[in-house]
Amino acid sequence: MLKLLRSNGINKLSSNLIRNYSNKQSVFQALDTFPKRHIGPDENEISEMLKNINTSKLSKKNPNSLEQLIEYTIPKDIRLNRDLNIEENKIIGENQLLKDLKKIAEKNKVYRSFIGMGYYGTITPHVIQRNILENPGWYTPYTPYQAEISQGRLESLLNFQTMVSEFTGLPMANASLLDEATAAAEAMQMCINISKSKGPYTFLVDKHCHPQTIDTIKTRAEPKGVRIEVIDSKEFKFTEDVVGCIVQYPSSNGVVSDYKELADRAHQANALVVAATDLLSLALLKPPGEWGADIALGNSQRFGVPLGFGGPHAAFFSTKDKYARLLPGRIIGVSKDKQGNSAFRMALQTREQHIRREKATSNICTSQALLANMSAMYTVYHGQQGIKDIANAVHRKAIILAEGIKRMGYTVLDRPFFDTVLIITGDKTDMMIKELESRQINVRQYCSKSISISLDETVTSADISALLNGFSAHASKPLGLSSPEQLEKETSSVSVIPESLTRQTPFLTHPIFNKYHSEHELLRYIHKLQKKDLGLTTAMIPLGSCTMKLNATTEMYPVSWPEFNSIHPFVPANQSLGYKEMFESISNMLCEVTGFDGCSLQPNAGSQGEYAGLMVIRSYLTSIGQSQRNVCLIPVSAHGTNPASAAMVGMKVVVVDCDANGNIDVVDLKEKAEKHKDTLAALMITYPSTHGVFEEGAKDICDIIHSNGGQVYMDGANMNAQVGLCRPGDIGADVCHLNLHKTFCIPHGGGGPGMGPICVKTHLAPFLPGHSVVKGVGGERAMSAVSAGPWGSSSILPITYVYLKLMGGQGLKKATQVAILNANYMASRLKDHYKILYTGSHGLVAHEFIIDLRMFKESAGIEAEDVAKRLQDMNFHGPTMSWPVPNTLMIEPTESESKYELDRLCDALILIREEIKEIETGKADRKNNVLVNAPHTEKVIVADNWNYPYSRSKAAFPTPATIASKFWPTVGRIDNVHGDKNLVCSCPPLSDYQ
């Protein structure tokens, strides 16, 4: 065993593995400081890596130091020559920071909220909270592009799709979207795409939809020239230009309406019907698909996901089979692996914006996987009968409340309802709102003359009593002695949902929803799925442009505090003062990091940040009389979301070439900027480039755009190479978005959540997005909302807050230096084995780099996919494949990985290069070798028959680390073509799980 440990490089208690703690500081200074925990290599390892890179050959000044490395990596004219002013660089410990944040959190008032509008109290089963939400095995994996090592969450997401499909009565569902409002905007665009009309377009919106949904639809429609008509659905007229309509079912005021006749009229006019709906209500109500809806969408939050002051939550979206290829977002499908076993994968990926660019139907590049998995497990845990019981209880409580309020002389809207009671309060409305708030109860003021109250599964008899007592204070009649229990008996035969709208069809009939109802069984099921997935708990995930860094436990800890996760997003402002303080602090810190002047936290994904940033530019240009400016220059190397986002805001994409070194072709840029000088709106640039290099002349590039009347949008995907060393605002950008789920430590969650706030220069700040429900959000001339929540996914922002505060200016700078060091160290170790495709003028890379595998296709029949799958045999997630250059791998190690882990990946890649040589020299068969057959599952290795020309040990245990601890891919290489040709996107038969 000792020999084995030594072979893994962990044989001695040396400075490589033990942190050095100075005894020269005060005994009262915190010892639990964070930078030394966040940054992987210690000082001795940093010195070793610098010697390997040997920058001293470039200059004798500061030989082999981090400062010298940065000097020859980042152009001098953009380097920041001071520390960031964050926390005044005070040394603060993790424990103290959490105490300080708790004091801020306690400024939030956790009242009972019955506001509704798509957000409800819920009971998160503790087995799900502890084992999914708070479990790094579930929140640290990346989006499941490498399906062989992602089967656990793929199965859970397929459960999510299945339950959405069965609830809504529509057969094709996706794996979640960002929120209900943006899902509705996507539905509008989908209606346009299905119509195949060249315009003009009109989309009808029922005025009883949630206001935040109406606002977000308007935002999306305006730049595309879509006319939005917000009226009562009874007045919908399906003229020739109408491509679709949307209704809320039940409506925002609680009314349950029969939309069958409306759907028939729409279809006769070749228009589509969208139903924004509520999953829990569909346990009792006729599914939208049965009364004629073509698309159903909504928020799955009340299925076990905390309120979180607006997010993150998983929106759902379902439609008919024939529209599958126009469905936005990710779809999980069933295919087969190399051995013929059933396997899950992301289906129809050719729809994604990375491939279709400006022709993509959406710019979505993420989902809400972690939250979708929580909702799916909630459904698995409760099953059909459990969900029915919850729905019935909520509905009966609403009937009880309505009866009690009516007995006090109030008028209750006499229409079918599920969970929301609408009370006509007339001139007493303001008085009643204040009365209830004085009793720590929040309700919704529906209009100046009415109040609505939405109930949920958390409501108790005491809650009903508190509501009734509040209304009794200003009632015309006394309530008397009627208790909730007495009212329950007296209303036991009352029914308010007509039979024509009552659900008759069964749902959740698949065995997966009917066998895990005890905690032991669900716990084991969650753990079984978790073991199938490779997250940061197993190994580094070196995905280029994805920044899979440490998601520290201290950062995650506040997410579960009720002061953050139990508050409705639309509570009165005086109940969320803690959030306000934290938002202001985060915004100020992000502005300091980026060199900008204003910040919006509303965009809840990187793609949303791109969209919001371009919309802000568009609003500004319109305000100065330059609305004709609609050309967006985008380098050919840009993220696929860039052209997709530009197209969404009505801009015309003009592609700029790159030179032989992968840099923006400045001559081509200048020519095109001057050619379009009268219509130039923006340049979208990623910095450092997607090729992993700090390009020279970034300031000159910005000057070219500005001199031709355009604005510069900087994509923040590679911000992990800038923080503390240079700033987009200083370089010349006007706006950038930040991926908080990359650079600022929010976990990827296996495919979401994310956050994509934007920072802007002073002239753009007035146009930052506002909100139709919560006033005071955004700039003085705020554009309309881009997300459902005023501050996006608010409850995960404490993660970024804790990271920034604990690191401070010096810590953030050091982290970025080490991120660049780690990438250059790996490039240095690998350069004699693989071609490093792009480097800067001094032969160095930024925080990521590309290794070129293109020559191996001819010499050995090996492609990037083969190398990535072989890495799975070696306990690794493969780097980014074939992007931005086909048949290459892009590697980003981040600052959080130790030298040991970097060496382990380098050793694995060097070993793979030797395996390629075996094919090139004829020692290994070109069509039957460890690379093309990778990954090798445990089932294949232990099978009685072994028909491969190499040993089992070479297949499964190629490195010392795999002998010490083996992570097994649970399926072999998946047949993607089979999965797309035979599309199955709901749970397969139980036999396929065995």
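Aspartate 852 is buried, at 3% relative accessibility. Buried here means under 20% relative accessible area, exposed means over 50%, and partly exposed lies in between, with a 1.4 Å probe and protein chains only. Its salt-bridge partner is arginine 854, with the closest N and O atoms 2.9 Å apart. Arginine 854 is partly exposed, at 40%. By salt bridge I mean a side-chain nitrogen of Lys or Arg within 4 Å of a carboxyl oxygen of Asp or Glu.

A word on the source. This is a predicted model, where local features need pLDDT of at least 70, side-chain atom pairs count only at pLDDT 80 or more, and totals for chains, interfaces and linings use all residues. Residues are numbered from 1 along each chain as its sequence is written, and side-chain values use heavy atoms, with hydrogens and water left out.

Back to salt bridges. How many does the structure hold? The count is 40. Two of them sit in helix α11, residues 260-268. Helices are DSSP runs of H or I with at least four residues, strands are runs of E with at least two, and both are numbered from the N terminus.

Take aspartate 264 and lysine 260. Their side chains meet at 3.2 Å, N to O. They are four residues apart in α11, so about one helical turn separates them. Aspartate 264 is partly exposed at 34%. Lysine 260 is partly exposed too, at 42%.

Now arginine 265 and glutamate 261. This salt bridge has its closest N and O atoms 3.0 Å apart. Again the spacing is four residues in α11, about one helical turn. Arginine 265 is partly exposed, at 27%.

There is also a network. Salt bridges link Glu48, Arg829, Lys899, Asp903 and Asp907.

Next, helix α3, residues 43-53. Which of its residues are buried? They are Glu45, Ile46, Met49, Leu50 and Ile53. These residues lie on the same side of α3, because they cover an arc of only 135° around the axis. That arc is taken from the directions from the helix axis to the C-beta atoms. What do they pack against? The partners are α4 (66-71), α27 (797-830) and α30 (899-920). Contact means heavy atoms within 4.5 Å.

Look at the two ends of α3. At the start, a side-chain oxygen of aspartate 42 comes within 3.1 Å of the backbone nitrogen of asparagine 44. Just after the helix, asparagine 54 has a positive phi of about 60°.

Pairing requires at least two DSSP bridges between two strands.

Leucine 633 stands opposite valine 654 in β17.

Two helices to point out here.

Last, two buried arginines. Arginine 220 lies in helix α10, residues 211-221. Its relative accessible area is 4%. Not counting residues up to four places away in sequence, arginine 220 touches Thr182, Ala185, Glu186, Met188, Gln608, Tyr611 and Met648.

Where is arginine 973? This residue is in the loop between α33 (960-964) and α34 (976-981). Arginine 973 counts as buried, at 14%. Its side chain makes a polar contact with the side chain of aspartate 866, at 2.7 Å. A polar contact is a pair of N or O atoms within 3.5 Å; within protein, one must be able to donate a hydrogen and the other to accept it, and residues adjacent in sequence count only if both atoms are side-chain atoms. The backbone oxygen of valine 932 lies 3.4 Å from a polar atom of the arginine 973 side chain. Leaving out residues up to four places away in sequence, arginine 973 has contacts that include Glu148, Lys336, Asp337, Glu865 and Pro935.
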